Structures are given as C-alpha cells and as structure tokens.
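Have the structure open and follow along.

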Amino acid sequence: MSRMKHRRTATMLLLLALSSVLVLGGCGTDAAKEKGSETTQTGEIDPALAPKDDATTGEEANDPVTSMQTENALAQTVEQQNGKAIVNNAESMLVVVNKERSLPDGYEPPDLVEPNVKFSFSEEHEKRHMRKEAAEALEKLFANAEENNIELNAVSGYRSYKRQQSLYNYYVDTQGEEYASRVSAVPGTSEHQTGLAIDVSSPSVGNVLEEVFGGSVEGKWLAEHAHEFGFIIRYPQDGEAITGYLYEPWHIRYVGVEAATAIYNQKTTLEQFLQE
Ligand SMILES: [Zn+2]
C-alpha cells in the first residue's frame, strides 16, 4: 500500500515536472504509450521524457499519462465482493464508477468543499460540494467561461449514497425500473458520489439538464474547453454502449488536465482510456 502511495506521489511530482513536455502529448500517443509501459517495467528514466535541467532522479520518470493509465487500469481497480464489482481506487482522480463498478459501501469522499462558483439555486445543499482538487479546477473553468462571456451555472455536484437512493427510487416509482436504470444510477454506482462530477447548465436554456444544453453556445464552449481545466464530458453522444448512459452534455467529470486532454484529443471515453 505504501508503495502505491509512494508511486502516486512520484507520479504527481512528475506531472508537475513534465507538464511542459506534455503539451506535445496529443500527437504520437501510441508511441508514447509503448515507451511508457516499457519504462514502467524497468523503472528506468526515459531520457527523452525526463526534464533535462532537473536535478532529481532515481525516481521513475514515465510518461505521466501512461503511468496513470497503468495504475488505474479497469481490470486492476475492481474486486468482486458478494457478487458485486467494487472499485479499489475510490479516491483516485481516475476512478471509474459505472453500472458495472460500484463504490465501496458507505463511501464518502475525504475532502469535500464548496466551490466558489455560481449555482442555479441559492439554498445550502450537499450537491454544492465537490472534492477539493475538482472544486478548485471548477472555479478556474467558470472564471475562464465568464471571461469569454459564457454564463454557466453549477446545478448538481456531490451526491451521497442516501440521496442517490431516494432519487433512483423516485424514477423507479414514476417511470419504471428500466427507464430509471437508463437515466439514473443504482445507489453506489453514481459518479456524483465520488465528488468528482458535477452537472452544469446555463440560464440561456433555463439551467435544464437536457440535451438542448449541448446545442447552446455555452454547451459548445464547455465541450471545447472543459479539458483545459481537467474535466471531460463524461457521457458523450453515441457512447451509451460503453458508458452505459445516454448523451449528457451537462455532466462533467474531473480527471486532471493531462488525462482530460488525452481523452479529449482521442475523442474517447474514460472507460476506453483505461481499458489497456
Ligand atoms: Zn450528472
């Protein structure tokens, strides 16, 4: 376990050190991938990726994106418990929670805070919260939107297991189980419970969480720029077979700038990004 943590810390340091190199990461992803997995095994520093004027060393210096993919690969981050597949990396920024992968029972994120952004409602509510790193990124995203005359409103962030349960039951009661499972997550399988996801809309469409937002100026801006701040459109158009959800242009998920940029450039989904 401590080795994992150590590796993670090393990876984080590398992310900082290598972020300038990463700007070029969009092209030649496959080559970088191969190189990276090679260095993962040997633990050697790839001279092509290591910053030349940096004094550190000894630590592994893989391509950070490849390291993240390896550490969070779908097959390695899930364990069967009582017939359910439970993720073992719930606190990772790259955790994948979906219809086939649940959070551990009673999971609560460790560092929920309220981002200082405009919400579509004024009352206190748990849905105002996100994990700290995601909340800070959201503030930057919203500030940048505003500078570009794009008015976004946060609608719904963190959702506890309990609240997900009542929402899901509401859909089952009003629309039936099959519909409920298409539009809402079974308790324990909602990405909102990770504290890394938030639904965003705009007053221009009445702050609705509907496909119409994707066609609005604000929705288009969000799709084009979210990755610059570490977010992805988690449920893209025509992605239902992979993500399990219909297109949700309003649901953004924090994964960090490097992963978000790679996913954006590859026009892929989080599941495919971590497939290996
Ligand atoms: Zn959502």
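Asparagine 207 is found in the loop between β6 and α7 (212-215); helices (H or I, at least four residues) and strands (E, at least two) are DSSP runs, numbered from the N terminus. This is a predicted model, where local features need pLDDT of at least 70 and side-chain atom pairs count only at pLDDT 80 or more, while totals for chains, interfaces and linings use all residues. Residues are numbered from 1 along each chain as its sequence is written, and side-chain values use heavy atoms, with hydrogens and water left out.

Most residues other than glycine have a negative phi. Lysine 267 is another such case, with a positive phi near 50 degrees. Is lysine 267 buried or exposed? With a relative accessible area of 76%, lysine 267 is exposed (exposed means over 50% relative accessible area, buried under 20%, partly exposed in between, using a 1.4 Å probe and protein chains only).

## The zinc site

Which protein atoms hold on to the zinc ion as donors? They are His192 (NE2), Asp199 (OD) and His251 (ND1), lying 2.0 to 2.1 Å from the zinc ion. Donors here are N, O and S atoms within 2.8 Å of the metal (3.2 Å for Na, K and Ca), and water is not among the atoms, so sites may look incomplete. Along the sequence, the zinc donor residues are spaced H-x6-D-x51-H.

Histidine 192 sits in the loop between α6 (177-183) and β6 (197-201), and histidine 251 in strand β8 (residues 248-254), so the pair ties together parts that are 59 residues apart in sequence. Both histidines are tucked away: histidine 192 is buried at a relative accessible area of 4%, and histidine 251 is buried at 2%.

## Two nonpolar cores

The largest nonpolar core has 34 residues, and Leu138, Leu141, Leu152 and Phe231 have the most contacts inside it. A nonpolar core is a set of buried Ala, Val, Leu, Ile, Met, Phe, Trp, Tyr and Cys residues joined through side-chain atoms within 4.5 Å. At least two residues of this core come from each of α4 (132-147), β6, α8 (217-225) and β8. The largest share, 7 residues, is from α4.

What does leucine 141 touch? Not counting residues up to four places away in sequence, its partners are Trp221, Leu222, His225, Ala226, Phe229, Phe231 and Ile252 (contact means heavy atoms within 4.5 Å). There is also a second, separate core of 14 residues, which includes Met68, Ile232, Ala260 and Leu270. Ala260 turns up again among the buried residues of α10, with Glu258, Ala259, Ala262 and Ile263.

## Two buried threonines

Threonine 269 is placed in the loop between α10 (257-265) and α11 (270-273), and it is buried, at 4% relative accessible area. Its side chain makes a polar contact of 2.7 Å with the side chain of glutamine 272. A polar contact is a pair of N or O atoms within 3.5 Å; within protein, one must be able to donate a hydrogen and the other to accept it, and residues adjacent in sequence count only if both atoms are side-chain atoms. Leaving aside neighbours within four places in sequence, threonine 269 is in contact with Pro236, Ile242 and Thr243.

A polar atom of the threonine 243 side chain lies 3.1 Å from the backbone nitrogen of tyrosine 245. Beyond residues up to four places away in sequence, threonine 243 touches Asn98, Arg234, Tyr235, Pro236, Thr269 and Glu271.

The protein averages a pLDDT of 84, and 78% of the residues score at least 70; pLDDT is the predictor's confidence in each residue, from 0 to 100. Residues 11-43 have a pLDDT below 50, and this stretch has 40 contacts in the model beyond near neighbours in sequence. Residues 50-59 are also below 50, with 10 such contacts. Where pLDDT is low, the predicted coordinates should not be read in detail.
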